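Please look through the model below, one part at a time.

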Amino acid sequence: MSTAATEALPSHPVISHENLLFDYPEGDVILRSRDSYEFRVLNTVHSSPILGEKVLISPTPQLKPTSSTITAESDVDSEHAANAFQVPVVQLPIDGAILFSLLTYIFPVPPVLPSFVRQVMELLSVAQMYKMDAVLTHIRNHIAQREPPFIREETAFLIYSLSQKHALRTEALKAARCTLSFSSLTIQNLAKEHKLNMMPGSYLHELWKYHQRVRFNLTMDLRDFKKSSALTVLRDSGCKSLTDSGLPDWLDSYISSIGTARVPAFLDLADFHTKLVEHIEHQRSNGGCASCLGMLGKKIRVIWDALTVVVHDSIEKVRVIHVVAPPQGPEHLYRLRHVFHFLLRKRGLKVDPSQLSLLHRSIQICPMQISSSGHPTLSISMSINRRWLLRHPFLGMCSLSPSPKMMHCPKRFPW
Amino acid sequence: VFSLPQPQNDALPEALPVVNLSEDAETLNSLISILYPVAPEIPLHGDDILSLLSAATKYDMDAVQSFIRAEVSRRGLLSSSCPGLFHVYAVAYSKGLVPEMATAARHTLGHPLTFERLGNALRSFKGGALRDLADFRLRSMGNLFSNLKPFSDGLQGPSKIWVGCPTAKVGNNTHSLPPWLEFLYWVLIPAHRFTETIPTSAQLRDRYMKCLQSHVKEKDCNFCMKVHLLEGEKYCENLRDISTQAWNVPAPGERDLGL
């Protein structure tokens, strides 16, 4: 926990979860939430470089009274009230409930984790946004102690979606792994569980790709596992139904089936036992399978341990790719100075860029087909998407110049 | 357009007013080319077409919309094959272009709705696009199933003409259908899996013909051949209607408009 700011604290804060009250009588800054809750705290510069910067650039102390939260609900004396008139106020784009919770992880008070999944994810997102690494760890540790687990079957999809939204890679990976064990991830199943609109298609696509990668990895690793020394305890088995790999067929098929229908994040030992017992039962009519019967006990534990390690490691190797929204680059404004005629109503426009970024500084000509009116337009402005300028025919037809001097289009445009 | 808030243009008092629009230049260029008496420039790429339609819709240019739609339809510019089709649906959905959304959604009935088929097109799905597409396909499948069930009834449905085929099961049920017809129906009712394809009326007729031909060839069934000659056309027409109805259930967007 980042408690640097709390060293040698003069006193304890007055806090109340119900009223979202967090007030340090000696606080030297007021943090104001999006929904206008105000929290007087000690300067939090040490816990977050970004938040610290915000405090530093905050306007000079405001001389108007702070919110009623502080003046009316806190038990402060007149001296404190006077201070409240002078400390800087920093407006933050965070809801009061989330900011309150965040402060409980920064200062030496009992941490308060929000009740709802969305709020917890927002809290993590805010801690990440303000680069509060120690606080983030503290919150994650707190979450890990929750019972039932924070990420479980009922919450995994939502948490995965919110993790992608807030770029919380750790939670995204954990939630994606959790979905492995209970979902075969088909559109049919998701529709049945009313989960189709739980996340944008791009997130769902990445989740599906993640499942695919895990499956592929598992197939490869289990194929190697079947040939590995981990199963030497079974070589020269006396089982009558051995496969080419030298393993009893029930074990071979059990291993091969892992990850085919659904990828289990955790293997079920009971399942494994059932397969073995079924095999023994099946062989009973042929005099039984003493070899496999002999596996019950230490041998089976050795195989099971080795198998679970392979599956676990195989899944661990696969990461979730954070989905980044497509860049919405600024539209650049170009001013068209003159219109000059090409043949047959085809016209080129000389462009004088009025707002040029470095990228566009070289492009001086923009063609455009406009009205066939005999009166040339004096000035037309149009916005041009930067990607458009790189497309045919502009890429090939426009002269590029490092100088901002106006240039003519060298060729006719193929319109 | 010109009623939009205008930025201050103090720096260039002699300049014409500047109207800032959110559309990109390619879209505006196409839009202007349709508005003025010059050769109209309809984009060739699906996304650009939908952006153009979206702009025309936004600025209430009904005639322009109709023109674009007619051109796009005449030149077959919007993808009707997989996976471009799913992408067109998703983009049209996000832009609220109901006709394009509905057409694309209908075309998807001819393709399985699986992650494999969607591929990268899944990335274009936003909001409730995937859910609404699934709901539409479920309704379509439900329609097919509910019409096919009475149709396949050997006692009262149109399928009773086939009762009497020598290959039909004999026993207590005197209204049994021949196995080839049962197979045809069985294939058509894939356990309400909306992710499966729904055959078009032409595909349905093809399947019927193949099943019948194979049956007649294998069993030398004069009964079924005679029924087909006498009543097959009418039967096929009914079968085609079932498919047409399933394909024509209200698509996403159309439902909201009460179409």
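Helix 4 of chain A (residues 96–106) is mostly covered, with 10 of its 11 residues buried, where buried means under 20% relative accessible area, exposed over 50% and partly exposed in between, with a 1.4 Å probe and protein chains only. Among the buried residues are A:I98, A:L99, A:F100 and A:Y105. The buried residues of this helix pack against strands 1 (14–16), 2 (21–23), 3 (29–32) and 4 (38–41) and helices 5 (117–129) and 6 (133–144) of chain A. Helices (H or I, at least four residues) and strands (E, at least two) are DSSP runs, numbered from the N terminus.

This is a predicted model: local features need pLDDT of at least 70, side-chain atom pairs count only at pLDDT 80 or more, and totals for chains, interfaces and linings use all residues. Residues are numbered from 1 along each chain as its sequence is written, chains are lettered from A and ligands numbered from 1 in the order in which they are written, and side-chain values use heavy atoms, leaving out hydrogens and water.

In chain B, the axes of helix 8 (residues 179–188) and helix 9 (residues 201–219) come within 9 Å and cross at roughly 150°. The contact (heavy atoms within 4.5 Å) includes B:W180 and B:F183 of helix 8 and B:Y208 and B:H215 of helix 9.

B:N120 lies in the loop between helix 6 (115–118) and helix 7 (129–151) of chain B. B:N120 counts as exposed because its relative accessibility is 56%.

Terms used. Axes fitted to C-alpha atoms, helices over the stretch in contact; angles between N-to-C directions.
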